[in-house]
Amino acid sequence: MTHRATGETSSRGTRPVFPEVAAEDIRRVRSTIISWFDSAARDLPWRAPGTSAWAILVSEIMSQQTPVSRVAPRWQEWMETWPTPADLAKAPTAEVLRRWDRLGYPRRALRLQEAARAISEELDDEVPELAEELERLPGIGSYTAAAVASFANGQRTTVLDTNVRRVLIRLFAGQERPTASPGRAETRWAAQFVPEVDHVKWNAGVMEFGALVCTARNPSCGQCPLQDMCAWNRLGRPASATKPKTQKWAGTDRQLRGAIMDVLKAAHEEAEGTDSDAVCIDLFTASTTRIDPELLDALGTATSAKLGTMRDLSTDAERVSRLIADLVTDGLAHRRGELLSLPR
């Protein structure tokens with residue numbers, strides 16, 4: 001091997017260094033990952049032959065920062081309900097958010113519907129084939145565009161999610177984990193590993209390898225077929241000099257926002273398509289002693305339970321009011337006077 005493991009940053013301490021990699025090492029990594037993927041790939045529904053580009057785009061959006069185990073059942077239900085971009089484009093936004101359910105980051109659902117409208121109205125309901133065309137769609141970034149172009153259309157692209165970046169940075173740079181997001185230098189460096197042939201298998205395989213073997217925590221180095229050449233392993237698996245940012249949940253505004261959304265989703269579902277799915281804002285913000293019992297009694301059972309959960313998280317009326325305003329601004333809720341509902 002002629003590649004040289006480096007420190008986490010350059011001598012100036014400001015940028016990661018991406019080492020030169022010998023051609024024989026590139027060939028070995030490619031063949032090993034592709035062979036491993038042939039035998040170890042998970043049976044995910046969107047990998048079935050004949051899966052549409054639209055279905056793959058949906059799977060990629062849903063899988064962002066969300067475990068595949070939670071995505072698979074929601075994806076199947078979603079595709080049965082809205083099998084084409086035009087179907088999702090016409091759907092009521094409230095129903096889109098309700099069916100997004102517990103996937104998290106519900107703004108992704110809004111962006112996906114915006115992309116569906118653009119595909120339906122401007123592209124004759126056909127998902128673009130090329131990454132640069134996909135990136136022109138609302139809410140589609142470089143990673144998603146590259147992934148869809150590769151997995152749906154067989155284009156040779158450099159797919160760089162966190163799993164892929166972690167595998168490459170450990171193997172060749174001896175670092176525990178990559179930076180928060182890839183820059184141009186890393187993207188150019190990673191492109192050399194994508195083969196001319198079997199590039200789709202490579203993109204899917206190295207991503208899978210990072211998800212199942214070279215994991216962020218407790219990697220299976222003992223079972224790794226590349227452990228002998230892994231720079232990070234040979235260096236004794238040194239910890240990164242910087243700690244990764246962890247996203248707390250309990251007690252955060254994000255948790256409380258989700259709880260408010262859960263109330264609105266329950267109200268929408270119990271309203272059964274009528275216009276009576278709005279919840280009085282006082283029920284979110286008023287102190288227990290000042291809540292109008294008639295307003296509370298008018299709620300459905302599920303909505304009342306979700307409201308109780310939400311109120312247990314915070315009794316700070318100012319904070320709740322701020323988060324409600326944020327939800328309205330983000331397009332995730334609709335306010336009409338003193339009533340709050342999912343978007344109309």
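**View A. Asp161 and the backbone of Val164.** A polar atom of the Asp161 side chain lies 2.8 Å from the backbone nitrogen of Val164. This is a predicted model, in which local features need pLDDT of at least 70, side-chain atom pairs count only at pLDDT 80 or more, and totals for chains, interfaces and linings use all residues. Residues are numbered from 1 along each chain as its sequence is written, and side-chain values use heavy atoms, with hydrogens and water left out. Asp161 sits in the loop between helix H8 (142-153) and helix H9 (162-173). Helices (H or I, at least four residues) and strands (E, at least two) are DSSP runs, numbered from the N terminus. The Asp161 side chain also reaches the backbone nitrogen of Asn163, at 3.1 Å. Through that side-chain oxygen, Asp161 caps the N-terminal end of H9. A polar contact is a pair of N or O atoms within 3.5 Å; within protein, one must be able to donate a hydrogen and the other to accept it, and residues adjacent in sequence count only if both atoms are side-chain atoms.

View B. Is Asp161 buried or exposed? Asp161 is buried, and it has no salt bridge. Buried means under 20% relative accessible area, exposed over 50%, and partly exposed in between (1.4 Å probe, protein chains only). A salt bridge needs a side-chain nitrogen of Lys or Arg within 4 Å of a carboxyl oxygen of Asp or Glu. The nearest side chain of opposite charge belongs to Arg166, 7.3 Å away. For charge, Lys and Arg count as positive and Asp and Glu as negative; His and the chain ends are not counted. Leaving out residues up to four places away in sequence, Asp161 touches Tyr143 and Met207. Contact means heavy atoms within 4.5 Å.

View C. H9 is mostly covered, with eleven of its twelve residues buried. Among them are Val164, Val167, Leu168, Ile169, Leu171 and Phe172. Three arginines, Arg165, Arg166 and Arg170, are on the buried list too. These buried residues pack against helix H1 (23-40), helix H10 (184-191), helix H11 (199-212) and helix H12 (231-234). At 1.5 Å a residue, H9 should span 16 Å; its end C-alpha atoms are 15 Å apart, which agrees. The expected span is 1.5 Å times one less than the number of residues. Just after H9, Gly174 takes a positive phi of about 70°.

**View D. Helix H3 and what covers it.** Which residues of H3 are buried? They are Val71, Ala72, Arg74, Trp75, Trp78 and Met79. Their cover includes helix H2 (53-63), helix H4 (85-90), H5 and H6.

View E. Most residues other than glycine have a negative phi. Asp101 has a positive phi of about 55° although it is not a glycine. Asp101 lies in the loop between helix H5 (93-100) and helix H6 (107-122). Tyr105 is found in the loop between H5 and H6. Phi of Tyr105 is positive, near 45°, and this residue is not a glycine either. Asp101 counts as partly exposed, at 31% relative accessibility. Tyr105 is partly exposed, at 23%.

**View F. Arg257 and Met261 in helix H13.** Arg257 lies in H13 (residues 253-271), and Met261 is found in H13. Arg257 counts as buried, at 16% relative accessibility. Its side chain makes a polar contact with the side chain of Asp330, at 3.2 Å. Beyond four places in sequence, Arg257 touches Arg107, Leu323, Asp326, Leu327, Asp330 and Leu332. Met261 is buried, with a relative accessible area of 3%. With neighbours within four places set aside, Met261 is in contact with Leu97, Leu327, Leu332 and Leu342. Met261 and Phe284 are 23 residues apart in sequence and 11 Å apart in space, C-alpha to C-alpha.

**View G. A three-stranded open sheet.** The strand order is S1-S3-S2, and the pairing is antiparallel. Strand S1 (279-280) and strand S2 (334-336) stand at the edges. Each has a single partner strand, so one side of each is left without a neighbour in the sheet. Two strands pair if DSSP finds at least two bridges between them. Three bridges join S2 to strand S3 (residues 339-341). Arg335 has Leu340 in S3 as its bridge partner.
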